[in-house]
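Here are my notes for you, as numbered points. Have the model open while you read, and take the points one at a time.

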Amino acid sequence: MDKHKTFHSGFITVIGCPNVGKSTLVNALVGEKIAIVSDKPQTTRNRIMGVSTSDDCQMVFLDTPGFHTPRNKLGRFMVKSIKDAMDGMDALVVMVDAVSVRNRDHAIIQDALRRQVPVFLVINKIDLVEKTNLLALVKSLENELFSGVFLISALLQDGVDDLKKALAVKMPEGPRYFPDDMITDQPERVMCAEIIREKALLNLREEVPHGIGVEMMGITEINVGLQEIDATIYCERDSHKRILVGKGGEMIKRIGTQARGDIERLLGVHINLKLFVKVRPGWRDRQDDLKTLGYEK
């Protein structure tokens, strides 16, 4: 690499309503899965950082929870993490769902445009909308203050490369903030816990997912190439525990099997995964529990 070549770098926050596809987009921009995804709103609970580095540019993406009206301390923490992630950024990406744009989306857009940074509007899930309806949607959202408007399908990675190139152009001159091979700041323990929660989200229904949290109890090396992981899934009601465990333990076994595969790929070793389910009523409103599960710093 030319030592005299100008290097650019910057921080980019991705914001939007719940379930618009922010985590899927950040995973696509980074090129690796660093954030869990599901079709449940508020899957992302914390600020997640992803890093993409090329020869002349490093972009640090911040995935955030969806904007919502908080109903407990966990919700308030999530909303605060969004606002904190918007401060001091070099660019903002505002995502909306092409299938349904709501009043809250418009409010988020207006708030973003008041900030003195480049703002990109990203309309996601275009594969689910008729072209004529899509054109009308773009027209209704057009604003000369946008640095760019992009129609994408994050799931299919359609249009993601064009967005990434446009973001790189807006990055100021700067240093490599992180090593070239670093793709996230999340510790392995946190990523393992999130993988377990993701598999629970994918298998559970109704109100259960919102009330679960995962605590990593321990990671122990049994021998070379084999680790044992103990984790506890917390829920808020006895009825939720019965659903989590399932008849004859079927559900918790399914969650464990799916999680083990992803964790083994992450850590590069074989895993003996032990999952426990405990009822902890109202944990989302207790400061100590939020700290234990990594939602309060």
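1. Let's start where two helices meet. Ile 243, Leu 244 and Val 245 in α7 touch Glu 250, Met 251, Ile 252 and Ile 255 in α8; contact here means heavy atoms within 4.5 Å. Sorted by class, this contact has six nonpolar residues, no polar ones and one charged. (Ala, Val, Leu, Ile, Met, Phe, Trp, Tyr, Cys and Pro count as nonpolar, Asp, Glu, Lys and Arg as charged, and the others, Gly among them, as polar.)

2. A quick word on what you're looking at: this is a predicted model, where local features need pLDDT of at least 70 and side-chain atom pairs count only at pLDDT 80 or more, while totals for chains, interfaces and linings use all residues. Residues are numbered from 1 along each chain as its sequence is written, and side-chain values use heavy atoms, with hydrogens and water left out.

3. Back to the helices. Two packed helices are described by the angle between their axes and the distance between the axes. For α7 and α8, the angle is about 60° and the axes are 4 Å apart. That makes α7 oblique to α8. (Angles under 35 degrees count as roughly parallel, over 145 as roughly antiparallel, 65 to 115 as roughly perpendicular and the rest as oblique. Axes are lines fitted to C-alpha atoms, for helices over the stretch in contact, and angles run from 0 to 180 degrees between N-to-C directions. Helices are DSSP runs of H or I with at least four residues, strands are E runs of at least two, and both are numbered from the N terminus.)

4. Now for the sheet. Its three strands come in the order β7-β8-β9, and it is open, with mixed pairing; two strands pair if DSSP finds at least two bridges between them. β7 (213-223) and β9 (270-279) are at the edges with a single partner strand each, so one side of each has no neighbour in the sheet. Neighbouring strands are turned by 15° against each other on average, direction ignored.

5. Which way does β7 pair with β8? The pairing of β7 with β8 (residues 226-235) is antiparallel, over nine bridges. To find your place, look for Gly 213, which stands opposite Tyr 234 in β8.
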